[in-house]
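Hi everyone, thanks for coming. Have a look at the chain on the screen, and I'll talk you through a few of its charged pairs.

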Amino acid sequence: MSKNSKVLNLKDKISGNEMDLSLCNLTEVPVRELALFTKATVLDLSCNNITSLPPEFCNLTHLVKVDLSKNQLTCLPDDLGNLSSLQHLDLYNNKLNVLPVSFSQLRSLKWLDLKDNPLEAGLAKAAGDCLDEKQCKQCATKVLQHMRDIQEEVDRTREKRLLREKELEKKREAKQREREAREREARKREKAEEKEKRRKEYNAQMAAAAAREQQKKKSEEKKKKNGQAAADKKVAVESTAKPRRSLIGLVFKLLLLLLLGLAGVAATCRLTDLQKEAMCVPVNVAVDDGLTWAKEQEGVVRQLVQNLSTAAKEFLESTQATKN
C-alpha cells in the first residue's frame, strides 16, 4: 500500500520529461520507483538531506540531467560512470572531497557544478569557480580530463600491480619448481643411497657365504688329508706288520709240517710191518723214550699243547683277517 502511494506521489511530481523531487526532505533516493519512469530524463533532487546515493542509482541510464545541489553528499557511487546519457550534473553545495574514478567514463557530460564542496586540491583546481554557464561547461571538460588522468594513473598503477603480482607469481612458481626439483633430487638421492646400502649388504652376505664355503672346503680338505694320512699310515703299518706275520706263519707252518712228518714216520714205524725194519728201530726207541719222558713231563706237555693250540688259533685268526 505504501509502495503504491509512493508511485502515485511520483506521478504527481512528474511534468513532461522532468521529475521534481526537490524540497521533499528526502534522506534516500527512491531508485526503484524512479526506474519505472524511464521517460523522465531530468531529475531534480536538490534541497534535500541525501547523504549518499545507492549503487542501484547507477542503473538509471536514461537520465540526462541530474540536480543534486544543496544536499549532504559525502561520496558518489563507484559505478557512476555507467550513466552514459548524463549531460548535466549539479553537485553544488555538498560535502564531496573526491569523485569516483569511473567519473571519467561520463563521455556525454557537458555541464558540471562543484562549487561549495571541500574538494581536494587537484580536483578543485580542475573544477574552477563555476560562476556561469561557460565556466560550468569548462568545469565538465577539465574535470573529465582530470579524472581521465587519474583513471590512467589508476590503470598504470593497476597494471604495475598486476605485473608485480605476475612477477611474484612467476617467482613463487619458480621457487615451487625449484623446491619440487630439490625434493625430487633428494628422493632420488635417498633411493640411490638405499639401493647402495642394500647392494653393500648383499655383497657382504655373499662374501660371508663365500668365506663360509671356503672354510668348509678347507675343513673338508683337511679332514680328507688327515684321513688319507691316517689311511696311508695304517697301510704302512699293516704292510710292515704283514711280512712279520707272514714270516711267523711260514715258520709255524714248517714246524707243523715237520711235526706232522715226524708223527707220520712214528706212526708208520709203530703201527705197520716196518717196525722191525732197521730204519724204524731208532724211531721206535725214540718214540718210546719220548712217551716215557712225556709221561714224566705230562704237565709240561699239557702246557706245551695248550700253547701250541693258542698259537694255532691266533695263526688262523690272523690268516682270516689278512684274507678279509
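**Charged partners along a helix**

Let's start with Arg161, which is partly exposed at a relative accessible area of 36%. Here, buried means under 20% relative accessible area, exposed over 50%, and partly exposed in between, using a 1.4 Å probe and protein chains only.

A quick word on the background: this is a predicted model, where local features need pLDDT of at least 70, side-chain atom pairs count only at pLDDT 80 or more, and totals for chains, interfaces and linings use all residues. Residues are numbered from 1 along each chain as its sequence is written, and side-chain values use heavy atoms, with hydrogens and water left out.

So which residue does Arg161 meet in a salt bridge? The partner is Glu165, at 3.8 Å from N to O. A salt bridge here is a side-chain nitrogen of Lys or Arg within 4 Å of a carboxyl oxygen of Asp or Glu. Both residues lie in helix H4, four residues apart, about one turn of the helix. Glu165 is partly exposed too, at 41%.

Helices (H or I, at least four residues) and strands (E, at least two) are DSSP runs, numbered from the N terminus.

How many salt bridges does the rule give? The count comes to seven.
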